[in-house]
Amino acid sequence: MSILPPSQKIWWKEPIHGIEMMWIILALIWCLVLFLWMPYWHVYGKQNLSNESYKTSPEQFEAKANTMAKAYTVRTDAKSNTPVVHPPAGSDVYMLGRLWQWWPILELEKNKTYRLHLSSLDWQHGFSLQPTNINLQILPGYETVVTITPDQSGEFAVVCNEYCGVGHHTMLGKIYVK
Amino acid sequence: MAAKMFRQCPDSGLFFHKSAESLMKAHAVLGVVYLLVGGFLGLLVALTRMPSLHLLSAEDFYLALSIHGTAILIFWIIFFEMAVLYFAASTLLRCRPATPAFGWLGFLLMVIGSTLVMVAFFRGNSSVMFTSYVPMPAEPIFYLGLILFAVGALIGCFIFLGTLVIAKQEKTYDGSVPLVTFGALTAAIIAIFTIASGAVILIPTWLWSLGFINHIDPLMYRTVWWALGHSSQQINVAAHVSIWYAIAAILFGARPMSEKVSRTAFLLYILFLQLASAHHILADPGVSSTWKVFNTSYAMYLAVLASMVHGLTVPGCIEVAQRKKGFNNGLFEWLKKAPWANPVFSGMFIAMIIFGFIGGITGVVMGTEQINLIIHNTIFVPGHFHATVAVGTTLTFMAITYFLIPVLFRRELIWPTACKWQPYIFGGGMLILSLFLLGAGTLGVPRRHWDINFSDALLQFQFAGTAITMLGIAGFGGFLAAVGGALFCLIAVGSLVFGKRLDPGASLFSSFGFPMASSCYNVERPGKLGLAPVEQTGDGGVQAKGTFVLALVFLASFVVYFFINAKYLSSIWPMG
Ligand code: HEM
Ligand SMILES: [Cu+2]
Ligand SMILES: [Cu+2]
């Protein structure tokens, strides 16, 4: 009875059930596979989390994004009045989150690799690239750098998936891949 | 002569100490109040996320969601857990509670704290979700309320430990503490760690909200906050697994298959508790992959192993007990002949299956460093934890309540037909809710989001039609779950007020925390709690074969689901 003291005072010397032992071994093997899969994927997998990030400040980060936008804006999205920026293939590209937009709109080339810098100017935001479904936490004061290679062309949305106040659900960004 | 403070329940044989009994009742009743509040708002939230209904306005939705998470995850669960701690120490060990006056102080702090948080919410400037990530600010009384609530709970934990010490000194039991008390002890130890982490982060944040500190680093906040947020889930697991063992013992007379294995598994929860709760910050900048990989698993996922062990030994011990009673045909006669119409059993068993198969598997999969990339902050996450905490923990607490109402409150349950069906309605609704939130999350739908059609946004995006349909079905499941939850609250409160008195000394007041008539307490000191009877020899043939088959099915589902997600991960843009 689990609600009574064990019937054997020296319960820690009792033998273990065969079935229990078998299950413990099977479960432990699976737990080890689960662990080993992570380093394995770091070596052989193509989708990994970035290890590159820097401390920054909203002013610094905004200035970098502005510089890129000034140099490479190709047109302006009329409805949202947001610049559409086409930076050179393979370059460092910036996208900032603030209440409540992802800025600017990026235009990337398919199968080219970019260093995408992300940060927030105010509260926490969630970078959720749809429909490919890549999700990253974006924190103010931290600059995340992910090396991405868009391998599909089309129009992608950046949804904010970290609650950031009453306009959270209006916070959308765009990435076009040509 | 010392006063007579104990009564023995004639139905269960359990001894209740007057003060511990009142404390248990008061905590449990307050818990149900918060379940009612939180559950109602959960319904409104689910109906808002149903695209065809879209019930609340944006502002009300974020407020409702903040209250839902806080009232139900923190207040309902922790109030009830305090009752469980008093039960596991005082009642199971037949011991007087240590310093009951402090118990009431703790209770009072929890009441004041939770009320302050509610006031903060209803003032409208604290819709920050229960996680209150900085630098989004809430009102100072929000943080203060949480701190007071936590101090109250901390007092409860220390009284639990104190009661164990008294029981040992006064030799109220023979041998070692029962497994259930041992499980509750692990829960209490984890709770103390949890609350300490909470203090480390919430006190500075409170000072920040008052203007005494000018910056709280968001990454530091998330790292320490999740030492609170994650460990508190491990308290829930330790508490509800203990109750599973208790119910198996109460209904079937089941003994643990092996004390050593079950106790070691509880110990693993403490030893492999993720101190910084890495799996919540897998998608964050500023922490390295090495740190994430190591801390999310400690190289071997031994806390997961522990749950997998309990997942075998709880049904396993029921199977062994049932087979001894003669339900020995085939693999599953023991299960078929289980008391499925008794909500104490059905609630516990449904909780266990959904906790393991859905909550457990999805939790480990999304806690894998790279797979988290396709899941972080999607509505997959609420899909996962409704299976763990809304079914696993909440339904288990509901199941034990059906046992406690006659035994602790001395009231007969009203409305037997509703009692019989309630676990199925709640569990079934939650199952639908969880599965379809998981599905929608797999398609990228964000959590905590008012409008995935983005009708007020300047840019446009359309989620797949299937995602919208799945949210609709999830809303239906949520409705069903809310009906089940409401039914539970009705039955519980109804029985406390109108249920037939099983003891003439049980009054209306005694249902809500006052002692029963003093004539009920007629035992000065219960007899010493003896060892469990020794197992008869010659039953080596009794084995948990059926449970082992279930466990293998579980393992196969786990493996398949893991690799499906790994495959999905390999289809997204290459990145690093
Ligand atoms: C009455 C039945 C319930 C319904 C219909 C329901 C529905 C929901 C839904 C749809 C969400 C996700 C909202 C979103 O992210 O946009 C949610 C969030 C949540 N639910 Fe429930 N739920 C119920 C019961 C419970 C229970 C019993 C618990 C725990 C004991 C619980 C804990 C939570 C938590 C912690 C959140 C997250 C809040 C946040 O993101 O801050 N729910 N609920
Ligand atoms: Cu947001
Ligand atoms: Cu966690």
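Contact here means heavy atoms within 4.5 Å. Axes are lines fitted to C-alpha atoms, for helices over the stretch in contact, and angles run from 0 to 180 degrees between N-to-C directions. Helices (H or I, at least four residues) and strands (E, at least two) are DSSP runs, numbered from the N terminus.

This is a predicted model, in which local features need pLDDT of at least 70 and side-chain atom pairs count only at pLDDT 80 or more, while totals for chains, interfaces and linings use all residues. Residues are numbered from 1 along each chain as its sequence is written, chains are lettered from A and ligands numbered from 1 in the order in which they are written, and side-chain values use heavy atoms, with hydrogens and water left out.

**The sheets of chain A**

Helix α2 (residues 58-72) of chain A lies across β1, β4, β5, β7 (114-120) and β10 (142-148) of chain A, and runs at about 125° to β4(A). These strands belong to an open sheet of 5 strands with mixed pairing, in the order β1-β10-β7-β4-β5 (chain A). Two strands pair if DSSP finds at least two bridges between them. The edge strands, β1 (52-55) and β5 (101-103) of chain A, each pair on one side only. On average, neighbouring strands of this sheet are turned by 20° against each other, direction ignored. Strand β4 (residues 92-98) of chain A pairs with β5(A) in the antiparallel sense over 3 bridges. A:Arg98 stands opposite A:Gln101 in β5(A).

α2(A) also lies across β2, β3 (82-85) and β6 of chain A, at about 100° to β2(A). These strands are part of an open sheet of 7 strands, in the order β2-β3-β6-β12-β11-β8-β9 (chain A), again with mixed pairing. Its edge strands are β2 (73-77) and β9 (134-138) of chain A, each pairing on one side only. Neighbouring strands here are turned by 20° against each other on average, direction ignored. Strand β11 (residues 154-160) and strand β12 (residues 172-177) of chain A pair in the antiparallel sense over 6 bridges, and A:Val159 stands opposite A:Leu172 in β12(A).

**Ligand 1 in chain B**

A residue is near a molecule if one of its heavy atoms lies within 4 Å of it. By this rule 27 residues surround ligand 1, and the closest are B:Arg49, B:His68, B:His386, B:Arg447 and B:Arg448. A polar contact is a pair of N or O atoms within 3.5 Å. The table lists distances from an oxygen atom of ligand 1 to an N or O atom in a side chain.

| Residue | Distance to an oxygen atom of ligand 1 |
|---|---|
| B:Arg49 | 2.8 Å |
| B:Arg447 | 2.9 Å |
| B:Arg448 | 2.7 Å |

The elements that give two or more residues to this shell are α1 (18-49), α2 (58-93), α12 (380-407), α13 (416-442) and α14 (465-498) of chain B. The shell residues divide into 17 nonpolar, 7 polar and 3 charged. Ala, Val, Leu, Ile, Met, Phe, Trp, Tyr, Cys and Pro count as nonpolar, Asp, Glu, Lys and Arg as charged, and the others, Gly among them, as polar.

B:Arg448 is found in the loop between α13 and α14 of chain B. B:Arg448 has a positive phi of about 45° although it is not a glycine.

B:His230 lies in helix α6 (residues 218-252) of chain B and B:His280 in the loop between α7 (259-271) and α8 (289-297) of chain B, so the pair ties together parts that are 50 residues apart in sequence.

**Backbone details**

A cis peptide bond, with omega of about -10°, joins A:Trp103 and A:Pro104. A:Pro104 sits in the loop between β5 and β6 (105-108) of chain A. In chain B, the peptide bond from B:Val134 to B:Pro135 is cis, with omega near 0°.

Methods: Polar contact = N/O pair within 3.5 Å; in protein donor to acceptor, adjacent residues only side chain to side chain.
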